[in-house]
Each structure stands twice: as structure tokens, then as C-alpha cells.
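Please keep the sequence and the structure in view while reading.

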Amino acid sequence: MKLANGLALNSHPSGRHFLQIPGPTNVPDRILRAMDYATIDHRGPEFQQLGRSVLGGIRRIFATTQPVVIYPASGTGAWEAALVNTLSPGDTVLMCETGQFAALWRKLALRLGLEVEFIAGDWRHGADPQAIGRALDADAGRRIRAVCVVHNETSTGVTSRVSEVRAAIDTAAHPALLLVDTISSLGSIDYRHDEWGVDVTVAGSQKGLMLPPGLSFNALSAKALAASKTARLPRSYWDWGEMLAANENGFFPYTPATNLLYGLHEAIAMLLEEGLDAVFQRHRRHAEATRAAARAWELEILCLDPREYSPALTALLLPEGHSADALRKVALERFNMSLGQGLGKVAGKVFRIGHLGDFNDLMLVATLGGVEMSLALSGVPHRAGGVQAAMQVLAAAQPHTTRRVPAPSEAV
Ligand SMILES: *Cc1c(COP(=O)(O)O)cnc(C)c1O
């Protein structure tokens with residue numbers, strides 16, 4: 001059947017679609033089933049139990065003991081929430097041009113009436129802790145109120161070193177808040193809200209957390225909460241105050257995304273069952289195998305600093321004169337696989353392989369097989385043997401399958 005707008009409804013190729021974009025990611029059946037229940041009264045006792053459970057459990061994923069706010073919104077909403085709760089009109093924030101998502105967060109800040117000091121970047125490196133240190137040292141008048149960093153830049157496959165950014169702020173003895181976007185890293189890449197002294201961590205549901213889109217998060221610090229008492233940017237829907245007051249009892253000030261919270265409950269349980277360290281190790285291993293494939297293909301990895309290779313996705317450059325979008329079209333039409341599009345400054349030049357979320361060795365081998373066949377079919381110069389190289393890494397590296405049974409005290 002075709003809809004009036006030309007959209008085919010019943011194009012149903014056999015087998016599963018490979019959703020290998022770096023978010024939304026493949027939602028595991030276990031989570032889909034966990035959401036397939038009647039929506040309940042969000043002011044009733046049954047909901048209260050759910051609310052308490054997810055509000056407590058999600059802290060472990062952020063590695064924090066402090067409050068985490070959950071919004072029924074995409075990640076962009078949580079970006080806005082982080083800024084409007086902590087800052088006042090005309091405040092200066094320091095941001096780093098790591099890629100498209102850093103550029104979008106900057107645009108959002110400008111629209112809110114903030115001043116942005118933007119450290120220029122080449123879209124092939126992470127936020128530079130030394131450059132941040134220099135900018136803070138130069139800020140004698142202490143105008144900079146927040147340093148905003150994208151932990152995993154999803155447009156480039158580059159992961160910034162947040163603990164080093166924290167150290168740079170401390171070395172400069174600068175009072176700025178540290179705000180970090182972990183929308184595509186939480187639940188995939190090692191992240192420590194408390195240990196790294198982050199004031200607001202922004203996250204979303206549809207990437208490492210393996211959920212459909214629709215939830216986003218702000219993990220807070222005492223310093224961020226204190227800042228929210230005097231911050232003057234207008235806010236209502238995003239206001240932490242009312243949210244935290246209702247959350248005290250497991251409730252929300254407005255209708256929460258109840259069914260997504262069922263899914264979140266399951267996602268937290270799955271991550272803790274596997275063990276967060278094992279989850280992070282699994283992602284690093286899949287990334288390493290993907291890079292082995294890229295090297296065998298003789299395609300250039302966009303990320304230039306091996307310390308900053310993303311465990312969640314890999315962005316690859318095509319040779320001059322070849323279109324990454326044409327390659328992605330072949331992958332979709334021939335193999336029913338979605339690969340990530342090049343965004344912003346690297347549009348058409350790169351494609352991105354998402355290897356995050358609910359993912360395993362054979363899914364990676366199939367994904368890379370689809371890429372290798374698509375490279376051949378679209379006439380992109382490359383060497384064969386990428387899949388073989390990846391398989392060697394997978395066969396050699398330690399498997400991650402030590403399933404840890406959580407202690408009863410850890411049950412969520
Ligand atoms: C996906 C993503 C966003 C945007 O999140 P939405 O849910 O699309 O609003 C922002 N930052 C990063 C790093 C992302 O990966």
C-alpha cells in the first residue's frame with residue numbers, strides 16, 4: 001500500500017532491519033515487551049513504585065548518588081534544561097567545536113540569550129583540555145559561567161576526555177560549572193558523573209540506553225542545584241525545582257512518559273545484569289574490530305587521536321569524489337541496513353557505523369559485511385578483507401560474556 005505522500009507502508013523485506021545509525025539504536029525485544037502494558041494512573045500507588053525505582057536506578061548508570069531529572073523529551077530538551085536551570089541572560093558559556101552536536105548546542109545557547117565563547121575545532125578531535133585551560137586562565141573577570149562539552153561527538157566518532165577537562169578547570173581554579181552532553185555515550189562509554197565532578201550531565205533514551213526516543217535526563221550536582229536557585233533564564237516546563245519536589249515521592253509534576261519508564265526500568269536492569277564494566281568493554285571491542293575493518297578497507301577514520309576513538313560509533317571518510325550518501329543508499333536498498341549520515345561540515349563525505357546499544361559480535365560482522373558489499377557495489381575504491389580483519393579481532397579479544405548476577409540489593 002502506498003500512502004498519498006508516496007510512503008510505502010507494507011514494504012516488508014524478510015529478516016530484521018539493521019539500524020546501524022548511532023541512535024536511535026536497536027531496541028531489544030525485552031524492552032519492547034516491558035513497554036507493552038496498559039498505561040497506568042501517574043498519580044497512583046503503582047506508578048509511585050515505578051517512579052521510585054527508575055529515579056533510583058538511573059543514578060547508577062550515571063555513576064552518581066545525586067538527583068537525576070527525567071524529562072518526557074528528546075535530548076535537545078535536556079540540553080535546554082541544563083542551560084535554563086543554571087544560567088542567567090547574558091551569561092557567557094565556553095563551548096568547543098567538536099562537531100555538529102556541539103554546534104547545535106551552541107545555537108541553542110545563543111537563542112536563549114547566552115554569550116558563547118567557541119573554541120574552534122577541525123571536527124576530528126575532541127574538546128582540548130589545554131585550550132579550555134587557556135580560555136579559563138584568560139578569563140580574569142570570571143565571566144565564563146559554564147564549560148559545555150559533548151562527551152561523545154556523534155557526528156564524528158570522537159570521545160572527549162572529560163576527566164581531563166575537569167582537571168583543566170581545577171588547575172585554572174575557575175568557578176565555572178561543567179556541563180556535559182552524554183546523549184550518545186551514557187550506557188555505552190565509561191562515564192562518572194560524581195567522580196569527574198560534572199555539574200549537569202545531559203543524556204537521552206534512544207542511544208546507549210536502548211530505548212525508543214522520548215526520554216532525556218539531567219544528572220545534577222549540589223553546585224548546579226545551588227546555581228539553579230539564582231539563575232534567571234525563564235523556565236517552566238524544564239524547572240528542576242518542581243520536578244525534584246515531586247520526584248521526592250516518586251511522582252512527576254506533569255504527565256510522565258509512563259510506557260517509556262517501563263522500558264527504562266528494564267533497560268537499567270539489563271545494563272546492571274551485564275555489568276557496566278562489561279558493557280563498556282563490549283563497546284570498546286566492537287569499535288576496535290570496526291577500525292580493523294576500516295584499515296583493511298584503506299578507508300580513513302575521521303577521528304585523528306587514538307585516545308579519542310569512540311567506542312560507540314566509527315565515522316569513515318570516503319575518498320575524494322565519492323559520495324557517502326550514495327553508499328548509504330545502496331546499503332539501505334540492497335541490504336536493508338541504515339548507516340549514519342554525514343552531518344554538517346562532513347555531509348556527504350563521511351558515513352557513520354553505529355555499534356552501540358543492544359549489539360553483539362555477529363551483528364557487527366553482518367553490519368561490516370553490508371558495508372563491504374556496499375563499497376563494492378557503489379564503486380568506492382577499497383581493498384577487500386575488512387570483515388576478515390574484524391573477525392580476527394573478535395576471535396582474539398577477550399569475550400565479554402561473563403554475565404554477572406546482580407545481588408538482591410542491586411535489583412531495580
Ligand atoms: C542525538 C544527540 C543529540 C540530540 O538528541 P535528540 O534526542 O535528537 O534531541 C545531542 N547530542 C548528541 C551528542 C547526540 O548524539
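## The ligand and its surroundings

The ligand is surrounded by 13 residues, and the closest of them are S74, T76, T154, D181 and K207. The model is a predicted one. Sorted by class, the shell around the ligand holds four nonpolar, seven polar and two charged residues. Helix 3, which covers residues 75-86, supplies the largest share of this shell, with three residues.

For D181, a polar side-chain atom lies 2.7 Å from a nitrogen atom of the ligand. G75 takes part through its backbone, with an N or O atom 2.8 Å from an oxygen atom of the ligand. On its own, the ligand has 380 Å² of accessible area, and the protein covers 88% of that area.

Two packed helices are described by the angle between their axes and by the distance between the axes. Helix 10 (residues 276-297) packs with helix 12 (residues 361-377) at an angle of about 20°, and their axes are 11 Å apart. Angles under 35 degrees count as roughly parallel, so helix 10 is roughly parallel to helix 12. The crossing in which helix 10 passes helix 12 is right-handed.

Helix 12 also has helix 13 (residues 386-396) as a partner: the two axes come within 9 Å and cross at roughly 165°. Because angles over 145 degrees count as roughly antiparallel, helix 12 is roughly antiparallel to helix 13. Here too the crossing is described as right-handed, with helix 12 passing helix 13.

## Two points in the backbone

Most residues other than glycine have a negative phi, and most peptide bonds are trans. Where does the model have a cis peptide bond, with omega near -5°? The bond in question runs from G23 to P24. P24 sits in the loop between strand 1 (18-20) and helix 1 (29-35).

The other point is W123, a residue other than glycine with a positive phi, near 65°. W123 belongs to the loop that lies between strand 4 (115-119) and helix 5 (129-137).

Definitions and conventions:
Residues are numbered from 1 along each chain as its sequence is written. This is a predicted model: local features need pLDDT of at least 70, side-chain atom pairs count only at pLDDT 80 or more; totals for chains, interfaces and linings use all residues. Side-chain values use heavy atoms; hydrogens and water are left out. A residue is near a molecule or strand if one of its heavy atoms lies within 4 Å of it. A polar contact is a pair of N or O atoms within 3.5 Å; within protein, one must be able to donate a hydrogen and the other to accept it, and residues adjacent in sequence count only if both atoms are side-chain atoms. Accessible areas come from the Shrake-Rupley method with a 1.4 Å probe; for residues, only the protein chains shown count as cover. Helices (H or I, at least four residues) and strands (E, at least two) are DSSP runs, numbered from the N terminus. Ala, Val, Leu, Ile, Met, Phe, Trp, Tyr, Cys and Pro count as nonpolar, Asp, Glu, Lys and Arg as charged, and the others, Gly among them, as polar. Axes are lines fitted to C-alpha atoms, for helices over the stretch in contact, and angles run from 0 to 180 degrees between N-to-C directions. Angles under 35 degrees count as roughly parallel, over 145 as roughly antiparallel, 65 to 115 as roughly perpendicular and the rest as oblique. A crossing is left-handed if the near helix is turned anticlockwise from the far one by less than a right angle, and right-handed if clockwise.
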